[in-house]
Amino acid sequence: MRAPERRTWTEVLAPALLAAWFLGTALLGTSARYRLVDLVGLAVVYLALAICLHQGAALLRGLLGAPGGWMGAWLLGMFLLWQLREQTYLPNSLAGVLLWSAPLTPILYWMAVRPLVGRSWARSLRWIVAGLAILVTTTIGFTRSSELFRWHLLRHNTLLGTPTYYLLEPPVSQVRDRLVDRLDLRSPPAAPAADEVSGAPSPPLPHLVLVLLDTLRADAVSGRDGGPGSMPRLERFLESAWRFTDVWANSSWTRPSMASLFTGLLPEEHGARDLGDALAPGFETLAERLDRRGYRTVAFVTNLAAVGQGTGFAQGFDEFHELEGDPYARAERVDQAVESWLAKEDPAGPVFLYIHYLDPHEPYLAGNAPLRKRPEPYRRAYAAELEYLDRWLDRTTRRIESGLTGPETVIVASDHGEEFFEHGLFGHGHSLYEEVLQIPVAVKMPGGESGDLSSRLEIRDFFSLLDRLGTGERPDLAFWADERHRNRRYASLDFSGTGRLILRPYLRRIFMRALQVGDEKLVWSAYGDTRELYDLNRDPQETVNRIADRPDRTEELSRSLDEATETWVESTPVEISDSERDQLKALGYVD
């Protein structure tokens with residue numbers, strides 16, 4: 001009769017250490033705070049996963065001998081490194097995972113696999129079955145009973161969250177369509193987005209210059225809140241301007257945000273939401289309004305893939321200059337184009353000049369491209385871009401001041417911000433946190449009145465302001481800001497990624513909505529049908545999701561979120577050209 005096999009320390013300690021690695025890297029890779037109950041559930045899930053992986057390696061050793069043991073140790077190391085990469089971007093690539101797994105394999109073999117030599121494959125199989133049972137039941141139980149745990153698992157623990165999404169959750173597109181059907185929002189005919197100012201314009205009409213600095217964070221200009229403060233010339237220029245210190249973009253990527261600025265509408269209302277959506281000709285844009293009043297409308301655009309002529313943004317412009325570059329035309333090229341235009345043009349009437357810079361956008365071309373996906377290298381590269389842009393922007397604004405005669409109003413704005421791993425990702429267009437929604441806006445009018453205006457506004461509000469300025473009216477901007485102050489602000493993100501994103505479904509199809517009421521902010525995502533509730537006064541970094549602490553308030557704000565949009569228009573499809581796709585790829589929107 002065969003003696004019963006004894007349990008070794010490896011069967012207990014190795015899974016515990018593996019689980020500690022998984023849990024530790026999960027906590028290290030997110031700024032989000034966990035409740036104790038969710039942390040315990042996550043620890044149980046990771047322990048069950050560790051048991052399965054450890055005994056799986058032992059099973060390979062038992063079935064295939066020493067080669068199987070080495071293979072099992074290598075796979076075990078790959079899982080550990082893949083978890084680290086998913087949570088922290090280290091190693092920086094799949095090649096890095098393969099490279100670092102080489103020295104890790106013998107360590108894991110001698111410490112975790114070899115001590116189990118002699119154990120029967122049946123024993124390992126029983127451990128695997130038990131671990132899987134715990135893993136499956138705990139995951140299903142916690143994700144179904146706790147929305148907060150489901151949000152943590154899906155969004156902050158992607159090694160487990162990704163298979164959980166594919167196995168248990170409906171696709172984002174299905175959740176989105178169900179929401180649209182439930183809200184039953186009708187799509188009315190296109191109408192003017194704002195009321196005309198009554199009465200005849202008061203001559204002389206001012207030149208209007210809209211300077212759009214793509215991807216400029218709100219803290220980049222002032223240097224406050226840890227911002228780089230790398231644009232001293234722009235700051236000096238804006239010392240004689242009204243500076244709006246609390247403005248939300250209506251989306252976190254260029255096309256829907258700029259469409260909201262040009263129409264005064266929300267993304268659901270103007271339809272230019274996704275990569276394949278155009279700004280439909282049925283909407284009267286700011287350029288069309290100003291053109292109708294006698295303005296000469298001229299644009300110099302570098303972000304061709306997002307707001308180029310093919311996406312509908314040229315409507316209303318007499319001249320629409322698309323500045324090409326690899327991957328985009330830099331500020332020096334913009335300066336040259338504006339200089340050339342000013343030298344040969346002598347506009348008899350007022351001019352609406354729209355200049356769209358792309359330099360703060362990745363890829364960073366100022367010679368400081370980050371080699372690793374870590375916050376500090378990215379911040380340094382971003383700051384270098386701002387320093388470069390600042391020099392050429394100063395030169396261009398001086399050219400415009402001397403080249404256009406008559407009164408001139410300059411509006412400097414951004415379309416969205418940029419995330420530097422504050423919430424686990426880099427870039428924009430994948431979340432609705434403050435670092436991508438807060439944008440700088442300033443208006444410099446003849447006369448030099450200046451000051452900081454803290455009214456809560458959205459980027460679409462400035463359609464109304466530019467519309468009024470284009471009548472010759474000189475509104476009191478402090479009064480205007482107070483009058484437009486929004487106690488409720490809304491933003492949304494409807495974006496389809498492409499390419500090799502099957503392991504990152506949270507980036508493959510995104511549909512999110514955000515609502516701020518007072519100091520509270522609710523974010524809803526179709527990915528897992530999850531919600532986030534933040535107290536921006538006490539928690540400005542958005543690290544403590546309070547949906548479990550304040551369920552009644554969460555439900556109340558959810559109802560308000562559903563009521564934030566009155567219409568939901570069907571999108572107008574647009575064909576993406578090869579050159580546009582190349583630029584979108586270079587800018588990080590597609591793989």
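1. Strands are DSSP runs of E with at least two residues, helices are DSSP runs of H or I with at least four residues, and both are numbered from the N terminus. On that basis, R489 belongs to strand β13, residues 488-496. The model discussed here is predicted: local features need pLDDT of at least 70, side-chain atom pairs count only at pLDDT 80 or more, and totals for chains, interfaces and linings use all residues. Residues are numbered from 1 along each chain as its sequence is written, and side-chain values use heavy atoms, with hydrogens and water left out.

2. R489 has a relative accessible area of 1% and is therefore buried (buried is under 20% relative accessible area, exposed over 50%, partly exposed in between, with a 1.4 Å probe and protein chains only). Its side chain makes a polar contact of 2.8 Å with the side chain of Q516. A polar contact is a pair of N or O atoms within 3.5 Å; within protein, one must be able to donate a hydrogen and the other to accept it, and residues adjacent in sequence count only if both atoms are side-chain atoms. A polar atom of the R489 side chain also lies 3.2 Å from the backbone oxygen of L457. Leaving out residues up to four places away in sequence, R489 touches several residues, including D246, V247, W248 and Q438; contact here means heavy atoms within 4.5 Å.

3. W248, one of the residues touched by R489, lies in strand β2, residues 242-248. W248 is buried, because its relative accessible area is 0%. The side chain of W248 forms a polar contact of 3.3 Å with the side chain of E434. The C-alpha atoms of W248 and G417 are 9.7 Å apart, although 169 residues separate the two in sequence.

4. Q315 sits in the loop between α14 (304-307) and β5 (319-322). With 16% relative accessibility, Q315 is buried. The Q315 side chain reaches two backbone oxygens, that of L279 at 3.2 Å and that of A280 at 3.4 Å. Beyond neighbours within four places in sequence, Q315 contacts L279, A280, P281, F283, T285, A287 and E288.

5. The packing of α2 (residues 36-64) on α6 (residues 147-156) has an angle of about 50°, and the axes are 10 Å apart. Axes are lines fitted to C-alpha atoms, for helices over the stretch in contact, and angles run from 0 to 180 degrees between N-to-C directions. The two helices α2 and α6 are therefore oblique to each other; angles under 35 degrees count as roughly parallel, over 145 as roughly antiparallel, 65 to 115 as roughly perpendicular and the rest as oblique. Residues D38, G41, L42 and V45 of α2 meet L148, F149 and L153 of α6.

6. Two cis peptide bonds deserve a check. One runs from L90 to P91, with omega near 0°, and P91 lies in the loop between α3 (66-88) and α4 (94-113). Another joins D326 and P327, with omega about 0°; P327 is in the loop between β5 and α15 (331-344).

7. Y89, which is not a glycine, has a phi of about 65° and is placed in the loop between α3 and α4. Y89 is buried at 14% relative accessibility. T215, also a residue other than glycine, has a positive phi near 70°. T215 is found in the loop between β1 (207-213) and α9 (218-222) and is buried at 0% relative accessibility.
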